[in-house]
Amino acid sequence: MTYRRCGRSPRKTSLMRIILPPMLSIVLFISAIYLIVLPALKTNIMERKREMIRHLTEAAWSSFSICESEEKAGRLTREEAQVRATELIRNIRYGPDMKDYFWINDMHPSMIMHPYRPDLDGKDLTDLSDPNGKRLFVAFVNAVRDTGAGYVDYMWQWKDDPDRVVPKLSYVKEFEPWGWIIGTGIYLEDVQIEIASITRKLTLVSFAILAIIAILSIYIVWRSLQVDSERKKAEKRLRESEERLKTILNSVPMGVAVIDLEQHVIIDINPVGAQMVGAPKEQMVGRVCHRYICPAEVGQCPVTDLGESLGKSESVLLTAKGDALPILKTAIPVTLDGREHIIDCFMDISDQKRIQKALRRSEKKYRNLFNNAQVGLFRTKIKDGKVLEGNDRIARMFGYDSSKEFVAEYVTSEHYADPGTRERMLAVLKATGEINDFEARLTRKDGSVFWVRYTARIYPEDGYMEGVATDITEEKRAERRLEVHVKELSLAREASRAALKNTEAERDKSEKALAEVSEAKRRLEVLLSDSVAREKRMVELKQEVNDLLTTLQEKPKYEAPQRVAEILSGSTHLQA
């Protein structure tokens, strides 16, 4: 039975991990704007407004002080000073539309001056209240009685519009020498409008920022998803690459081991390497390389301790049994996880070593056969006939004491007795690739001429020819002697034919004798194909000819057969 793993899929988890941070950032930004920034901004604006009306009231209050100084100096009476101060304050305006104002009442309270409510001037304001029932002028008196100044909120008409009553916050301050109170205020509606305007602008800016953040977040999420997808693809490719590498390492017909260069510890080894060492991979990984692979003692590492260079070289592999296995080793330095490592690639060359040993024995045997052969063996350049190699037999054939001297001094192209001989030989070689029984006359070291029979093969891609040379000087002499014998035998046959015309019986005998002579000649020519055999058969031939002579000499009355016997007797002596 198969069970499905509960919980979110890795893709959903990865998606939430990418999307959640930008979303939380946006939520935190909005919360900060509306829960922290805007309330703090409203408070700051209100405090700034309160501070403004306080400073304005204090500035207007100072005009009272100036007029009161004039009164004390005797330049103005109190009534004149108060009239001047009243008129000065009456005409003061401020604000965006220059409609904000100051008013003056006394501690009773009675209205001294109000620029927009002249109907209240000189009237008792004790019972005057706002729509909420608050006796605002009594509140002014109470605010200044204890501390000399203070803030009071209430409902009042909108500047010069008596039909519009709105919330207002005023700051009042007592001018004690005259018992007056001066004040001015701000309309909270104006503050709300200003705050709303700022809030609106801030909201627009915030939304613009949010839009940018959202776009950036979407881009970041998209890029993150793309990067995550690429990362997963890269991880997949990496896994596939690791699998391919593992398959390759497990398939290569040589041992591969990864060794930590600092600690000399085997990090990994492929199956071929483990098989060559003769121990399982699990047993070797984590162990020092001197225990299994490198035969050097601890502290005598060829690379780190002895400073030998890395590269391809013959070495030995220390097996689990302690045997030294000959290997061809290549060490490659690499950096893995920030640490220096060596990748050792090694191949078992014990078979090659055995083959090399066998080849050395074979080469020695071949060299002995080459030097002791009863025929001349040679190798010469095609271009100029320079001798590249030759045995002692061919050296003696050309009049030299040793093959070394022959190779150093003799150039075959300079020692052909007959012009054009070498060119004909090379033409045949190039046309057919080889020559068989090619005969030529050459000169020895002492200048004497002798006959040589070549059998050779050409190797144009390597620029040389090699083959066998046989001294056939004696054979040529034998051929010349044979030619003389044949000529004399022809004369004898003609003489026999003339003599045997007398009778049919005698002619038959003569023809039989001549046939036997011809057969002897044919046999001589066949035997001459092998110089050694011809020389051996000369004695036998002599005996056969003598037997023939004996047969012919049984009829001495015939003069022609007697002549044949004389010729053959002379030829036999010449051959001997």
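Buried means under 20% relative accessible area, exposed means over 50%, and partly exposed lies in between (1.4 Å probe, protein chains only). The model is predicted, so local features need pLDDT of at least 70 and side-chain atom pairs count only at pLDDT 80 or more, while totals for chains, interfaces and linings use all residues. Residues are numbered from 1 along each chain as its sequence is written, and side-chain values use heavy atoms, with hydrogens and water left out.

**Exercise 1. Describe the ring pair of Phe137 and Phe140.**

Step 1: Start with the rule. Rings of Phe, Tyr and Trp (its six-membered ring) pair if their centres lie within 6.5 Å; planes under 30 degrees apart count as stacked, over 60 as edge-to-face and the rest as tilted.

Step 2: Apply the rule. The centres of Phe137 and Phe140 are 5.3 Å apart and their planes stand at 80°, so this pair is edge-to-face.

Step 3: Place the residues. Both belong to helix α3, 3 residues apart, about one turn of the helix. Helices (H or I, at least four residues) and strands (E, at least two) are DSSP runs, numbered from the N terminus.

Step 4: Check burial. Phe137 is buried, and Phe140 is too.

**Exercise 2. Work out which residues surround Tyr116.**

Step 1: Find Tyr116 in the loop between β2 and α3.

Step 2: List its contacts (heavy atoms within 4.5 Å). Leaving aside neighbours within four places in sequence, Tyr116 is in contact with Arg93, Lys99, Tyr101, Gln157, Lys159 and Asp160.

Step 3: Look for polar contacts. Such a contact is a pair of N or O atoms within 3.5 Å; within protein, one must be able to donate a hydrogen and the other to accept it, and residues adjacent in sequence count only if both atoms are side-chain atoms. The side chains of Tyr116 and Arg93 are joined by one of 3.5 Å, and the side chain of Tyr116 reaches the backbone oxygen of Lys99 at 3.0 Å.

Step 4: Compare sequence and space. Tyr116 and Asp161 are 45 residues apart along the chain, and their C-alpha atoms are separated by 8.5 Å.

**Exercise 3. Find the largest nonpolar core and the place of Phe398 in it.**

Step 1: Recall the term. A nonpolar core is a set of buried Ala, Val, Leu, Ile, Met, Phe, Trp, Tyr and Cys residues joined through side-chain atoms within 4.5 Å.

Step 2: Count. The largest one has 26 residues, and Phe398, Phe406, Met425, Leu442 and Tyr454 have the most contacts inside it.

Step 3: Trace the suppliers. At least two residues each come from α9 (392–397), α10 (403–409), α11, β13 (434–443), β14 (449–459) and β15 (464–471). The largest share, 5 residues, comes from β14.

Step 4: Zoom in on Phe398. Beyond four places in sequence, Phe398 touches several residues, including Phe406, Tyr410, Leu442 and Tyr454.
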